[in-house]
Amino acid sequence: MMKIRSLVAVAGATALTAALTVAMTTTATAATPAQTAARHTTNVMDACGRPAPGQMRCYAQVRTDVAGGPAGVRGVHGGARTAVSAAAATLPSGLGPADLHSAYNLPTTGGTDQTVGIVDAGDDPTAEADLAVYRATYNLPPCTTANGCFRKLDQKGAATPLPADAGWGVEEALDLDMVSAACPDCKIVLVEGDSPDVADLAASVDTAVAAGATEVSNSYGTTENTESAAYASHYSHPGVAILASTGDSGYQIPSSPAVYQSVIAVGGTSLVKAANARGWSETAWSGAGSGCSAWFDKPAWQTDPDCPGRMVADVSAVADPQNGVAVYVTDKTSLGGPLVPGWNVIGGTSAASPIIAGVIALSGHPARFPNAAYLYTHTDGLHNVVGGNNVLGDQDCGGDYQCNALPGYNGPTGLGTPNGLAAF
């Protein structure tokens, strides 16, 4: 059993004042069935399922009612459209690279000297082939083993033998596609842990850094607990930016590794096109993880008033599967039920972490991020996200910023989303 320390604030006439300390307990490593039901609509499913004790869960969520096209002819769009009919040349459903660059004011070039590391569990045997379709569809330059852009390694750093497929193929495709979308010129190293075990994924982060990663994205987590601190060192590599998703169960006990002081905790938003100067409207996504740590002290660079421990998130990007990103995946082990090989629309803070990793790579200054401190002194380079909350089921924070996207820093979206590269 564990306890979480969280101050629930009550709105006063001129300020928020701490009023109550809430104790929460858990014996699981993932969201409870009630939380799962609360955060999901009938058209969304978890990509990786519920983990066993001692394992991480990936945070990808897949739309079950939208497919951009099955594998095969309709899986080829964009740059390959001359080989298919006009009907097949339509871009897939879901946000694509141009949408992300527009919404976040990003350049289309940069990062040629950066290598973004992706850490996931088990092998995705179709990862490179699927990535090639995604990049061709959106006219991105090829990223292959042959041209030196793409590498796939096991957790010990070897190209063979790779681990068994653990059913994380959807997550792996999402991560690869989102790094590609944000930073088309970046190199990518995918490190596949032997299993979703906490120890295996922690070791895989070390391997990604040893393999030359300048940024490492981790789209998975487990509820922080008494054993979390034992793995913190694996997520601390000064000179390399380490990022992690905050989860998809709303306001609750924080997720590890996102809660580590050395990690940039990435929350999530809902992003839709709008008739305004920016061209986009962005609010907090209801599933975005936020929370106040019971186990990790508040870092000096974090000054929010109502959480005495480490607070997540730090920064955010689009995560709502209802307006999610297009992803191409054909790994049949990870596709089941209503999902079919080919184009799918996917969300979760699993999408947000590799996007932000790609943004840091675009900027080319990973050494600025031994932690998230740099972001807290460069908020002018971020879109402050106001509106929405991540209150699910009986979760509540009394109207406080910890679960409501109030102006300034807030739990679901952190300091906000990229507005160019000034904050990175």
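The model is predicted: local features need pLDDT of at least 70, side-chain atom pairs count only at pLDDT 80 or more, and totals for chains, interfaces and linings use all residues. Residues are numbered from 1 along each chain as its sequence is written, and side-chain values use heavy atoms, with hydrogens and water left out.

**Stop 1: strand 19.** Select residues 325-329, which form strand 19. Strands (E, at least two residues) and helices (H or I, at least four) are DSSP runs, numbered from the N terminus. Val 325, Val 327 and Val 329 point one way. Ala 326 and Tyr 328 point the other way. In a regular strand the side chains alternate between the two faces of the sheet.

**Stop 2: its partner.** Look across from Val 325 to find Ile 346.

**Stop 3: cis peptide bonds.** Go to Ser 256 and Pro 257: the bond between them is cis, omega near 20°. Pro 257 sits in the loop between strands 13 and 14. Next, select Val 312 and Ala 313, also joined by a cis bond with omega near 20°. Ala 313 lies in the loop between strands 17 and 18.

**Stop 4: positive phi.** Select Asn 105, with phi near 55°, in the loop between helix 2 and strand 7. Asn 105 is partly exposed, at 47% relative accessible area. Finish at Asn 139, with phi near 60°, in the loop between helix 3 and strand 8. Asn 139 is exposed, at 60%.

How values were computed
Buried means under 20% relative accessible area, exposed over 50%, partly exposed in between (1.4 Å probe, protein chains only). Two strands pair if DSSP finds at least two bridges between them.
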